[in-house]
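Dear colleague,

Please find below the structure that I am handing over to you, together with its sequence.

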Amino acid sequence: MVDDYTRECLALVADTSLSGVRVARELTRLIGLRGKPHTVVSDNGTELTSSAILRWSQERRVEWNYIAPGKPMQNGFVESFNGRLRDECLNETLFTSLAHARFVLDAWRHDYNHVRPHSKLGGKTPAEIAGQGVRGHAPGHLANPSSNHHEGARLYL
């Protein structure tokens, strides 16, 4: 899960399976930590088109946009992010357990958010951008400075 404004990777979830209920639980956890996004953008995977996700979206009044089937470039930022994650971490690691996978993913996410400057962020890290606070949002909350919405920005899955 990636915030479109800060470019932060908010979550990398490793589990034995990822149902809509599991995704909804992770989204609820993120809202508790970071605030509510205005929109979630995702592909059409079964876990993301499930009744659990539709109910979650409606109950929280979070707009959910699905990219067109077979059009991954409509979600280009996440496709690029996923490619980087795959090349730098997933393809390079032989996971020995679920706990090991979670540990490695958390370390990679920390490096991505706190160590690597991003050219799209003016050479700052996602954590630096998130820590600045934006347009009345407390530091750490999802926020889009180009949006008139007072709730969060887009969250990409």
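A crossing of two helices is called right-handed if the near helix is turned clockwise from the far one by less than a right angle, and left-handed if it is turned anticlockwise. Please bear in mind that the model is predicted.

By that convention, the crossing of α3 and α4 is right-handed. Helix α3 spans residues 76-88 and helix α4 spans residues 98-114; their axes come within 12 Å and cross at roughly 125°. The two helices are therefore oblique to each other. On the α3 side, the contact is made by F77, F81, R84, L85 and E88, and these face L105, W108 and Y112 of α4. By class, six residues of this contact are nonpolar and two are charged, while none is polar.

I turn now to the pocket. The largest pocket holds about 580 Å³ of space. Its lining is made up of 24 residues, and those nearest the centre of the pocket are M1, V13, L18, N82 and L157. Which helix gives the most to the lining of the largest pocket? It is α3, with six residues. Helix α1 (20-34) also takes part, as α1 and α3 each supply at least two residues of the lining. In terms of residue class, the lining of the largest pocket comprises 16 nonpolar, six charged and two polar residues.

With kind regards

Key: Residues numbered from 1 in each chain as written. Predicted model: local features only at pLDDT ≥ 70, side-chain atom pairs only at ≥ 80, totals over all residues. Heavy atoms only, no water. Axes fitted to C-alpha atoms, helices over the stretch in contact; angles between N-to-C directions. Helix = DSSP H or I, 4+ residues; strand = E, 2+ residues; numbered from the N terminus. Parallel < 35°, antiparallel > 145°, perpendicular 65-115°, else oblique. Contact = heavy atoms within 4.5 Å. Nonpolar A, V, L, I, M, F, W, Y, C, P; charged D, E, K, R; others polar. 1 Å grid on protein atoms, 1.4 Å probe; cavity = no way out; pocket = protein on both sides within 12 Å on 5 of 7 lines; lining within 4 Å. Points joined across faces, edges and corners; volume = space filled by probe spheres on them.
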